[in-house]
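Keep the viewer open while you read.

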Amino acid sequence: MDYFIQQLINGLTLGGVYALIALGYTMVYGIIQLINFAHGEFFAAGGYMGVIFISWLAAQGVHPYVCLGIGLVLAMLYCAMLAMAVERLAYRPLRQASRLAVLLSALGMSIFLQNGLMLTQGQYDKAYPTEITAGGFQLGGLYISYMQCLIVALTIFLLVVLNLLVFKTRIGKAMRATAQDKVMSALVGINANHIIALTFAIGAGLAAAAGIMVGLYYGTVSYSMGFVPGIKAFAAAVLGGIGNITGAMIGGLIIGMVEIFAAGYISSQYKDVFAFIILIGVLYFKPTGIMGENVDDTRV
Amino acid sequence: MANLILDDICVRFGGLQALTDVSFSLAEGEVVGLIGPNGAGKTTVFNVITGVYKASSGAATYDGKRITGLRPYQVLAMGIARTFQNIRLFPRMTALENCMVAQHSRSSVGVVGAVLRSPSQRREEARIQEKSQRALDFMGLGDMADEISSNLPYGHQRRLEIARALASEPQTLLLDEPAAGLNPSESRELMEAIGHITDLGINVLMVEHDMKVVMGICNRIVVLDHGVMIAEGRPEQIQRDPKVIEAYLGQ
Amino acid sequence: MKRLIVLGVALAALALVLAGCGSDGAEEKQADQVLKIGTLSPLTGPYAADGNDIRQGAEAAVAVIKAQGGIPGFSDIVVVPADSACDPKQAVAAANKLINDKVPAVVGAYCSSATIPASETLAEEDIIMITPASTSPVVTERGLPYMFRTCGRDDHQAPAAVKFMKEVADVKSVFIVDDKTTYSQGMADGVAAAAKEAGIEVLGHEHVNQGDKDFSAVLTMVKDRNPDLFYISLQNSSSGATMVIQARRMGINAILMGQDAVFHPKLIEFAKADAEGMFCTFGDIDTTTQGYLDFLANYSSKYSAPGAYSAYSYDSAMAYLLAVKAAGTTDPAAVRAELLKLSFDGASKTVSYDEKGDSGSNYTVYQVRDGQFVPYWNSLTGQKY
């Protein structure tokens, strides 16, 4: 039983990370029907910015949790700006072009950003000052690290904030309106370009937060770290119903859980196989994903 | 004030001349009808005014300021709202949310304020909600505020489009066939509602096929045929104009 | 008639071009040649750290030979690096690039899964290949005449590791994890088989994916089975560090042991205190020999501190250069003969190759102590240091 619960906690942690990344895919897809292949790079860039800021602050003798807080906010802001710049340079000029052209642009951006990270940060991994978050506590037969608590808490916090933003504020309404009908939203007074840029920024900010947590949790970041979680998170977004925010969260959790339980009970050799079997299975019976809406609804 | 003036507007799509030297104006408190056979360029006129299409030449001004060349959201911010011939609501939002979105350009709270839900943001949100509710009440949709717009009956969707346009607090309303698909009693109610709109001091430019509606509420009528203005005048003049009759009969 | 004239002109032009080529070639032969050495290693991707160590090791060897006056008959010696990315397909493409660059020899590759297909491509052109890092037995077991290896073999390393577990660490049970590469899984399988033979219970043998960062599921399993020793056979040091950090954080108290791919200063740099006490097998490098000190002086003047395979790569390139010097030509058969005769005090060991191309294994168990790898036990002598 302890074993099961321990794996459940592992799954929750990993699922939370996937959910944060998946949100960026799904939001961008929802608003401009683009699979932003460069999204995983924002996750990696966030991880690097985190290690840079946190290490620097820690070297100044700042309290570990203050380092973490400030580092998190700065890295999220940095990635938000990076994403807006990418959108401005690589996607906005192609707004009227075919979807394939934008997709290729996204792939190109992914390669550009990944190599940019390698050239500026070096090909060696970078180590997080993991001491600041080390430790954990024993709960019966369970061992829960502080980092796991932090990841789950921060993920829930960010998801709540995002939900409030999207469903309760005027900005969120503008985002949903732009996603549903770009021409009409312009005619009711929404600057679609601002909203699209904002969507990229929010998605990248969440990915950056995931990047930092992964760095702290696993100890190191590498320039190529965005690829694999990027693909998994994209699968999570599709599983949940791409374009749907709640779906991305659910999809992320499912992929994380399936991976952990497949690894914990069958073999970690097959964990990705099971994650993708679930994906294929769901798409077979419900092609739009778990929370997916009827695609015909979306007029562009 | 609130005069919309079109001056020698031309629109070309490649080799196709969609509008040729269209000039007319819309004065305060006026209801002007824009009529013409199918393909005459009526919706194109709307699209040029609202910034969806660019005019190839000519200029449109509003309150003395040039609006040709502005982006749609900028035109809306100046006070011109529109509806569509085929309904274009945000299908997965409630009636109330559809109206609230329309006030985007009237709101000033930035992203940070929106995320932090500062007191000023909450006040603003409450104010927007109240105004949207009033717009719904005005169009007789007050008790359907929380319905998802795509679930509303057709007639109500048409009204919601107008309510949404009103929610952006326009000075000028462009209605594209507001009575299309409505039964006689529904279009009578709609005419009454449009009458109330003008009472608010909003001037209206509308495209409409239903002559009863047009003749009933328009102060003036502009007739287009193949992108060219062939007549302009009071309803009774237009009804007798031989060029208009020919354009319709020759169709 | 007109057509005939055109044809004639065309033929004349063609003849001129061909003549031009011929004379170019002749000139090149007369002048001193440039000796090219290719390197094949992952310069990008997760194994770029080790890959660049390999490139730099070869460059250091070339610098040393050039400082000694070069090789008679060659005006210059250059290193032509190619990126294998630890990927079989890209390794073959990179090998073809090196063939196009007309290199007579290649130092590399790193991952056995890249070395094996690349060596087959290079063998077709009779290009000498010396691997400084691929320890899979298959590499030298295929009868390729121009395949050499400066590092040890896994079928020596795995028994050495198990001998240590049994005789020194005195463990009763082991849990093994690998990441499914030709090398890492081959190594893990070897350890599993040897452990069973030695009467050590294998409580589990799990496989993770290359590039994974999350090992929580498999580590929870390790913790649950509670082995005396946890054997980590991953393809690179940074994955190893990630696994070590997570294992310690999860409260796994088993003895940790790794192999020569996780043996790298970066392991300690990343895992810091969590790596303390961990054991790794690595081909013994005596850091007090003159050969090593020469290498270190040269290498450190240009690059940062040497990585795990810098010395092996340096020796591989050095062996080739010495063989060419002795043979006076890059003719592969002549160079092979010289390589087999060769014996010199290199940076890693006294280098000499047998008929298969192997140079023998000398695995030592290192322990991480106070942030450094310290030699702990020598598998050949069975003695602690």
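Where is the place of His226(B) in chain B? Look in the loop between strand 9 (220-225) and strand 10 (228-233) of chain B, and you'll find His226(B) there. Bear in mind that this is a predicted model. The backbone at His226(B) is worth a look, with phi near 50 degrees, a positive value in a residue other than glycine. Most residues other than glycine have a negative phi, and most peptide bonds are trans.

Chain C has a backbone feature to show as well. The peptide bond that runs from Gly108(C) to Ala109(C) is cis, and its omega is near -5 degrees. As for where to look, Ala109(C) sits in the loop between strand 3 (105-108) and helix 4 (112-124) of chain C.

Now for the domains. Chain B is assigned a domain 1 made of 1-79 + 172-182 + 202-251 and a domain 2 made of 88-169. Chain C also gets a domain 1, covering 34-151 + 309-353, and a domain 2, covering 155-283 + 364-384.

| Domain pair | Distance between centres | Residues in contact |
|---|---|---|
| Domain 1 and domain 2 of chain B | 27 Å | 11 residues from domain 1, 10 residues from domain 2 |
| Domain 1 and domain 2 of chain C | 29 Å | 14 residues from domain 1, 12 residues from domain 2 |

How do the chains meet one another? Two pairs of chains touch, and the one with the most contacts is chains A and C. Chain B and chain C, on the other hand, do not touch, and their nearest C-alpha atoms are 32 Å apart.

How many cavities of 30 Å³ or more does a search of the whole structure find? The search turns up eight. From chain A come Gln6(A), Tyr143(A), Ile144(A), Ser145(A), Gln148(A) and Tyr217(A), while Ser216(C), Gln246(C), Arg249(C) and Met250(C) come from chain C. Strand 3 (142-145) of chain A and helix 8 (237-249) of chain C each give at least two residues to that lining. Strand 3 of chain A has the largest share, with three residues. Sort the lining of the largest cavity by class and you get four nonpolar, five polar and one charged residues.

The second largest cavity has a volume of about 90 Å³. It is lined by 13 residues, and the closest to its centre are Pro46(C), Ala49(C), Asn236(C), Ser237(C) and Ser238(C). Helix 2 (48-67), helix 8 and helix 9 (265-271) of chain C each put at least two residues into the lining of the second largest cavity, and the largest share, three residues, belongs to helix 2 of chain C. By class, that lining splits into six nonpolar, four polar and three charged residues.

Why does the second largest cavity lie between domain 1 and domain 2 of chain C? Both domains give residues to its lining, so the cavity lies between them.

Last stop: a helix pair in chain C. Helix 10 (residues 290-302) and helix 11 (residues 310-327) of chain C have axes that come within 11 Å and cross at roughly 100 degrees. Since angles of 65 to 115 degrees count as roughly perpendicular, that is how helix 10 of chain C stands to helix 11 of chain C. Which residues meet there? Helix 10 of chain C brings Tyr292(C), Phe295(C) and Tyr299(C), and these meet Ser310(C), Ala311(C) and Tyr314(C) in helix 11 of chain C. The contact of these two helices has five nonpolar, one polar and no charged residues.

Methods. Residues numbered from 1 in each chain as written. Chains lettered and ligands numbered in written order. Predicted model: local features only at pLDDT ≥ 70, side-chain atom pairs only at ≥ 80, totals over all residues. Heavy atoms only, no water. Axes fitted to C-alpha atoms, helices over the stretch in contact; angles between N-to-C directions. Helix = DSSP H or I, 4+ residues; strand = E, 2+ residues; numbered from the N terminus. Parallel < 35°, antiparallel > 145°, perpendicular 65-115°, else oblique. Contact = heavy atoms within 4.5 Å. Nonpolar A, V, L, I, M, F, W, Y, C, P; charged D, E, K, R; others polar. 1 Å grid on protein atoms, 1.4 Å probe; cavity = no way out; pocket = protein on both sides within 12 Å on 5 of 7 lines; lining within 4 Å. Points joined across faces, edges and corners; volume = space filled by probe spheres on them. Domains from an automatic or database assignment.
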